[in-house]
Amino acid sequence: MKGSKLFLGVGAVVVGIGATVLMMPSEQNSNQPVSQPVESAGSETSEPVQANTQAVAAVSAPEEAVNDVAALEPAEIPLPEPAPALPEVDPNEVSSMWKASEQEQTVDENGIPATHLQVNPQLISSLQLGQTLEFEVPALNQSYQAELTTTHNQLDDVHVFKGKINNGSENDNVIVTRGEVETYVTVSTSDGVYSVRIDNASGKATMISEDDIAKTITNFNDAIPAPEVPVEPPKDRG
(Lines give C-alpha, C1' and ligand atoms only; values in the text may rest on other atoms or scores of the structure.)
Protein backbone atom coordinates (compact mmCIF):
# COMPACT_ATOMS: atom_id res chain seq x y z
CA MET A 1 0.00 0.00 0.00
CA LYS A 2 2.74 2.39 0.86
CA GLY A 3 4.50 1.54 -2.34
CA SER A 4 1.41 2.21 -4.35
CA LYS A 5 0.83 5.54 -2.64
CA LEU A 6 4.39 6.59 -3.29
CA PHE A 7 4.00 5.64 -6.89
CA LEU A 8 0.87 7.63 -7.18
CA GLY A 9 2.51 10.63 -5.56
CA VAL A 10 5.47 10.49 -7.88
CA GLY A 11 3.10 10.16 -10.86
CA ALA A 12 1.17 13.20 -9.77
CA VAL A 13 4.33 15.21 -9.51
CA VAL A 14 5.37 14.11 -12.99
CA VAL A 15 1.96 15.00 -14.39
CA GLY A 16 2.11 18.41 -12.74
CA ILE A 17 5.56 19.08 -14.18
CA GLY A 18 4.34 18.00 -17.62
CA ALA A 19 1.38 20.27 -17.40
CA THR A 20 3.62 23.15 -16.43
CA VAL A 21 5.88 22.49 -19.38
CA LEU A 22 2.89 22.28 -21.71
CA MET A 23 1.39 25.50 -20.42
CA MET A 24 4.54 27.56 -20.86
CA PRO A 25 4.38 27.67 -24.70
CA SER A 26 0.68 28.45 -24.58
CA GLU A 27 1.33 31.31 -22.22
CA GLN A 28 4.07 32.54 -24.47
CA ASN A 29 1.72 32.30 -27.44
CA SER A 30 -0.96 34.08 -25.54
CA ASN A 31 1.46 36.85 -24.61
CA GLN A 32 2.60 37.38 -28.18
CA PRO A 33 -0.75 38.58 -29.46
CA VAL A 34 -0.94 40.99 -26.55
CA SER A 35 2.46 42.46 -27.35
CA GLN A 36 1.71 42.74 -31.06
CA PRO A 37 -1.42 44.88 -30.71
CA VAL A 38 0.52 47.16 -28.41
CA GLU A 39 3.19 47.68 -31.03
CA SER A 40 0.69 47.89 -33.88
CA ALA A 41 -1.54 50.12 -31.84
CA GLY A 42 1.36 52.42 -31.22
CA SER A 43 2.10 52.59 -34.93
CA GLU A 44 -1.55 53.09 -35.82
CA THR A 45 -2.20 55.77 -33.24
CA SER A 46 0.76 57.80 -34.40
CA GLU A 47 -0.78 58.35 -37.82
CA PRO A 48 -4.20 59.59 -36.59
CA VAL A 49 -2.44 61.98 -34.26
CA GLN A 50 -0.67 63.47 -37.25
CA ALA A 51 -3.96 63.58 -39.21
CA ASN A 52 -5.72 65.35 -36.35
CA THR A 53 -2.89 67.87 -36.18
CA GLN A 54 -3.29 68.59 -39.86
CA ALA A 55 -7.07 68.93 -39.42
CA VAL A 56 -6.62 71.37 -36.57
CA ALA A 57 -4.14 73.34 -38.66
CA ALA A 58 -6.60 73.32 -41.59
CA VAL A 59 -9.39 74.61 -39.34
CA SER A 60 -7.27 77.25 -37.68
CA ALA A 61 -5.94 78.55 -41.01
CA PRO A 62 -9.37 79.80 -42.27
CA GLU A 63 -10.05 81.35 -38.88
CA GLU A 64 -6.78 83.25 -39.08
CA ALA A 65 -7.63 84.31 -42.63
CA VAL A 66 -11.06 85.53 -41.52
CA ASN A 67 -9.48 87.48 -38.69
CA ASP A 68 -7.00 89.02 -41.10
CA VAL A 69 -9.81 90.02 -43.49
CA ALA A 70 -11.87 91.41 -40.64
CA ALA A 71 -8.90 93.43 -39.54
CA LEU A 72 -8.43 94.83 -43.03
CA GLU A 73 -12.10 95.45 -43.86
CA PRO A 74 -12.48 98.78 -41.99
CA ALA A 75 -9.48 100.21 -43.81
CA GLU A 76 -10.77 99.04 -47.19
CA ILE A 77 -14.32 100.43 -46.76
CA PRO A 78 -14.48 103.79 -48.54
CA LEU A 79 -15.51 106.55 -46.18
CA PRO A 80 -17.96 109.24 -47.39
CA GLU A 81 -16.33 112.44 -48.42
CA PRO A 82 -16.90 115.26 -45.95
CA ALA A 83 -19.35 117.93 -47.02
CA PRO A 84 -17.75 121.20 -48.07
CA ALA A 85 -17.49 123.63 -45.22
CA LEU A 86 -20.02 126.43 -45.38
CA PRO A 87 -18.78 130.00 -45.06
CA GLU A 88 -19.07 131.58 -41.66
CA VAL A 89 -22.23 133.56 -41.13
CA ASP A 90 -21.84 137.30 -40.69
CA PRO A 91 -24.67 138.44 -38.37
CA ASN A 92 -24.56 141.90 -39.92
CA GLU A 93 -24.84 140.68 -43.52
CA VAL A 94 -28.21 140.50 -45.25
CA SER A 95 -28.50 138.36 -48.38
CA SER A 96 -31.27 138.92 -50.88
CA MET A 97 -33.10 135.65 -51.48
CA TRP A 98 -34.16 136.61 -55.01
CA LYS A 99 -34.68 139.48 -57.40
CA ALA A 100 -37.38 140.23 -59.92
CA SER A 101 -36.88 138.46 -63.22
CA GLU A 102 -36.76 140.26 -66.56
CA GLN A 103 -39.89 138.40 -67.55
CA GLU A 104 -43.15 140.23 -67.07
CA GLN A 105 -45.86 139.01 -64.76
CA THR A 106 -47.85 136.29 -66.49
CA VAL A 107 -50.79 134.06 -65.78
CA ASP A 108 -50.12 130.36 -65.41
CA GLU A 109 -52.30 127.51 -66.60
CA ASN A 110 -54.65 127.68 -63.65
CA GLY A 111 -55.40 131.35 -64.19
CA ILE A 112 -53.47 132.54 -61.13
CA PRO A 113 -51.17 135.60 -61.49
CA ALA A 114 -47.53 134.58 -61.02
CA THR A 115 -44.46 136.77 -60.57
CA HIS A 116 -41.22 135.48 -62.09
CA LEU A 117 -38.14 135.68 -59.88
CA GLN A 118 -34.47 134.74 -60.18
CA VAL A 119 -32.58 133.05 -57.33
CA ASN A 120 -28.86 132.44 -57.00
CA PRO A 121 -28.51 128.60 -56.93
CA GLN A 122 -25.39 128.90 -54.76
CA LEU A 123 -27.42 130.66 -52.09
CA ILE A 124 -29.89 127.76 -52.04
CA SER A 125 -27.16 125.18 -51.47
CA SER A 126 -25.45 127.22 -48.74
CA LEU A 127 -28.43 127.91 -46.50
CA GLN A 128 -27.58 127.61 -42.81
CA LEU A 129 -28.68 128.76 -39.41
CA GLY A 130 -27.91 132.32 -38.45
CA GLN A 131 -28.32 133.72 -41.95
CA THR A 132 -30.44 136.81 -42.40
CA LEU A 133 -32.29 136.77 -45.71
CA GLU A 134 -34.36 139.41 -47.45
CA PHE A 135 -37.57 138.36 -49.18
CA GLU A 136 -39.04 140.81 -51.66
CA VAL A 137 -42.76 140.68 -52.43
CA PRO A 138 -43.34 142.67 -55.64
CA ALA A 139 -47.12 142.49 -55.32
CA LEU A 140 -46.92 144.38 -52.01
CA ASN A 141 -43.95 146.49 -53.07
CA GLN A 142 -42.26 145.51 -49.81
CA SER A 143 -39.28 143.52 -48.60
CA TYR A 144 -39.10 141.44 -45.43
CA GLN A 145 -36.04 140.30 -43.52
CA ALA A 146 -35.90 137.12 -41.46
CA GLU A 147 -33.12 135.25 -39.66
CA LEU A 148 -33.08 131.44 -40.00
CA THR A 149 -33.25 130.26 -36.40
CA THR A 150 -34.41 126.62 -36.58
CA THR A 151 -33.93 123.71 -38.96
CA HIS A 152 -34.75 120.02 -39.24
CA ASN A 153 -34.46 117.27 -41.82
CA GLN A 154 -37.22 115.20 -43.38
CA LEU A 155 -37.29 112.11 -45.57
CA ASP A 156 -35.69 112.07 -49.04
CA ASP A 157 -32.97 114.53 -48.00
CA VAL A 158 -35.36 117.45 -47.43
CA HIS A 159 -34.10 120.30 -45.24
CA VAL A 160 -36.48 122.77 -43.62
CA PHE A 161 -35.40 126.19 -42.31
CA LYS A 162 -37.63 128.54 -40.33
CA GLY A 163 -37.31 132.11 -39.13
CA LYS A 164 -39.44 134.99 -37.85
CA ILE A 165 -39.77 138.18 -39.84
CA ASN A 166 -37.97 141.06 -38.19
CA ASN A 167 -40.26 143.77 -36.80
CA GLY A 168 -43.27 141.71 -37.84
CA SER A 169 -46.22 140.41 -35.89
CA GLU A 170 -46.10 137.21 -33.88
CA ASN A 171 -47.34 135.07 -36.78
CA ASP A 172 -45.15 136.64 -39.48
CA ASN A 173 -42.57 134.05 -40.48
CA VAL A 174 -40.67 132.44 -43.32
CA ILE A 175 -40.34 128.71 -44.08
CA VAL A 176 -37.77 127.44 -46.60
CA THR A 177 -38.12 123.78 -47.64
CA ARG A 178 -35.15 122.65 -49.71
CA GLY A 179 -35.31 119.40 -51.64
CA GLU A 180 -32.94 117.81 -54.12
CA VAL A 181 -34.68 119.29 -57.19
CA GLU A 182 -36.84 122.18 -55.99
CA THR A 183 -37.09 124.55 -53.04
CA TYR A 184 -40.31 126.00 -51.69
CA VAL A 185 -40.51 129.24 -49.71
CA THR A 186 -43.54 130.48 -47.81
CA VAL A 187 -43.60 134.12 -46.70
CA SER A 188 -46.39 134.69 -44.20
CA THR A 189 -47.13 138.36 -43.43
CA SER A 190 -50.00 140.34 -42.03
CA ASP A 191 -50.67 141.60 -45.56
CA GLY A 192 -50.86 138.16 -47.15
CA VAL A 193 -49.22 134.77 -47.63
CA TYR A 194 -46.99 134.18 -50.65
CA SER A 195 -45.53 130.93 -51.94
CA VAL A 196 -42.44 130.63 -54.13
CA ARG A 197 -41.29 127.58 -56.08
CA ILE A 198 -37.60 127.54 -57.05
CA ASP A 199 -35.72 125.29 -59.45
CA ASN A 200 -32.46 124.49 -57.66
CA ALA A 201 -30.41 124.03 -60.81
CA SER A 202 -31.41 127.16 -62.76
CA GLY A 203 -32.65 129.36 -59.92
CA LYS A 204 -35.82 130.23 -61.84
CA ALA A 205 -38.75 130.83 -59.50
CA THR A 206 -42.39 131.89 -59.50
CA MET A 207 -44.31 133.59 -56.71
CA ILE A 208 -48.06 133.33 -56.23
CA SER A 209 -50.44 134.68 -53.61
CA GLU A 210 -52.48 132.33 -51.49
CA ASP A 211 -55.30 134.84 -51.70
CA ASP A 212 -55.34 134.49 -55.48
CA ILE A 213 -55.54 130.74 -55.10
CA ALA A 214 -58.49 131.11 -52.73
CA LYS A 215 -60.29 133.28 -55.29
CA THR A 216 -60.22 130.49 -57.86
CA ILE A 217 -62.19 128.24 -55.55
CA THR A 218 -65.86 128.53 -56.58
CA ASN A 219 -68.40 128.16 -53.85
CA PHE A 220 -71.53 126.42 -55.03
CA ASN A 221 -74.16 124.20 -53.56
CA ASP A 222 -74.38 120.87 -55.33
CA ALA A 223 -76.63 119.23 -52.78
CA ILE A 224 -79.90 117.66 -53.96
CA PRO A 225 -82.85 118.89 -51.92
CA ALA A 226 -84.83 116.11 -50.32
CA PRO A 227 -88.58 116.01 -51.04
CA GLU A 228 -90.82 117.14 -48.23
CA VAL A 229 -92.58 114.36 -46.40
CA PRO A 230 -95.82 115.36 -44.62
CA VAL A 231 -95.95 114.24 -41.04
CA GLU A 232 -99.27 114.10 -39.21
CA PRO A 233 -99.32 114.79 -35.49
CA PRO A 234 -100.36 111.88 -33.30
CA LYS A 235 -104.06 111.65 -32.55
CA ASP A 236 -105.46 111.61 -29.07
CA ARG A 237 -106.90 108.20 -28.39
CA GLY A 238 -109.02 109.44 -25.50
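Author: Let us start with a word we shall need: two residues are in contact when heavy atoms of theirs lie within 4.5 Å. With that, Val 187 touches Trp 98, Phe 135, Ile 165, Asn 173, Val 174, Gly 192, Val 193 and Tyr 194, not counting residues up to four places away in sequence. Keep in mind that this is a predicted model, where local features need pLDDT of at least 70 and side-chain atom pairs count only at pLDDT 80 or more, while totals for chains, interfaces and linings use all residues. Residues are numbered from 1 along each chain as its sequence is written, and side-chain values use heavy atoms, with hydrogens and water left out.

Reader: Happy with that. How many helices and strands does the protein chain have?

Author: Helices (H or I, at least four residues) and strands (E, at least two) are DSSP runs, numbered from the N terminus. Here the protein chain has 3 helices and 12 strands. Val 187, our opening residue, lies in strand 10.

Reader: Is Val 187 buried or exposed?

Author: The scale is relative accessible area: buried is under 20%, exposed is over 50%, and partly exposed is in between (1.4 Å probe, protein chains only). Val 187 is buried, because its relative accessible area is 0%. Across the protein chain, buried residues make up 20% of the 238 residues.

Reader: And how far apart are Val 187 and Tyr 144, in sequence and in space?

Author: They are 43 residues apart in sequence, and their C-alpha atoms are 8.7 Å apart. For the chain as a whole, take the contacts between residues at least 6 apart in sequence: 36% of them join residues at least 24 apart.

Reader: Which residues have the most contacts inside the largest nonpolar core?

Author: In soluble globular proteins, nonpolar side chains tend to be buried together. A nonpolar core is a set of buried Ala, Val, Leu, Ile, Met, Phe, Trp, Tyr and Cys residues joined through side-chain atoms within 4.5 Å. The largest one here has 24 residues, and Met 97, Trp 98, Phe 135, Val 174, Val 185, Val 196 and Ile 198 have the most contacts inside it. The elements giving two or more residues to this core are helix 2 (121-125) and strands 5 (132-137), 6 (142-147), 9 (173-178), 10 (182-189), 11 (192-199) and 12 (204-209).

Reader: Now the sheets. In what order do the 3 strands of the open sheet stand?

Author: Two strands pair if DSSP finds at least two bridges between them. The order in this open sheet is 1-5-6, with mixed pairing. Strand 1 (94-96) and strand 6 are at the edges with a single partner strand each, so one side of each is left without a neighbour in the sheet. Direction ignored, neighbouring strands of this sheet are turned by 30 degrees against each other on average. Strands 5 and 6 run antiparallel, joined by 6 bridges, and Thr 132 stands opposite Glu 147 in strand 6.

Reader: How many residues of strand 8 are buried?

Author: Strand 8 is mostly covered, with 5 of its 7 residues buried. It pairs antiparallel with strand 7 (residues 150-154) over 5 bridges, and 6 bridges join strand 8 to strand 9, also antiparallel. Phe 161 has Val 176 in strand 9 as its bridge partner. In the hairpin of strands 7 and 8, with 3 residues between the strands, Asp 156 takes a positive phi near 60 degrees.

Reader: Which side chains make polar contacts with the side chain of His 159?

Author: A polar contact is a pair of N or O atoms within 3.5 Å; within protein, one must be able to donate a hydrogen and the other to accept it, and residues adjacent in sequence count only if both atoms are side-chain atoms. His 159, in strand 8 (residues 158-164), has such a contact with the side chain of Asn 153 at 2.7 Å and with that of Asp 157 at 2.9 Å.

Reader: Last one: which residues form the covered face of strand 12?

Author: Ala 205, Met 207 and Ser 209 form the covered face, while Lys 204, Thr 206 and Ile 208 form the uncovered one. Strand 12 runs antiparallel to strand 4 (residues 113-118), with 4 bridges, and to strand 11, with 5 bridges.

Technical notes. Axes fitted to C-alpha atoms, helices over the stretch in contact; angles between N-to-C directions.
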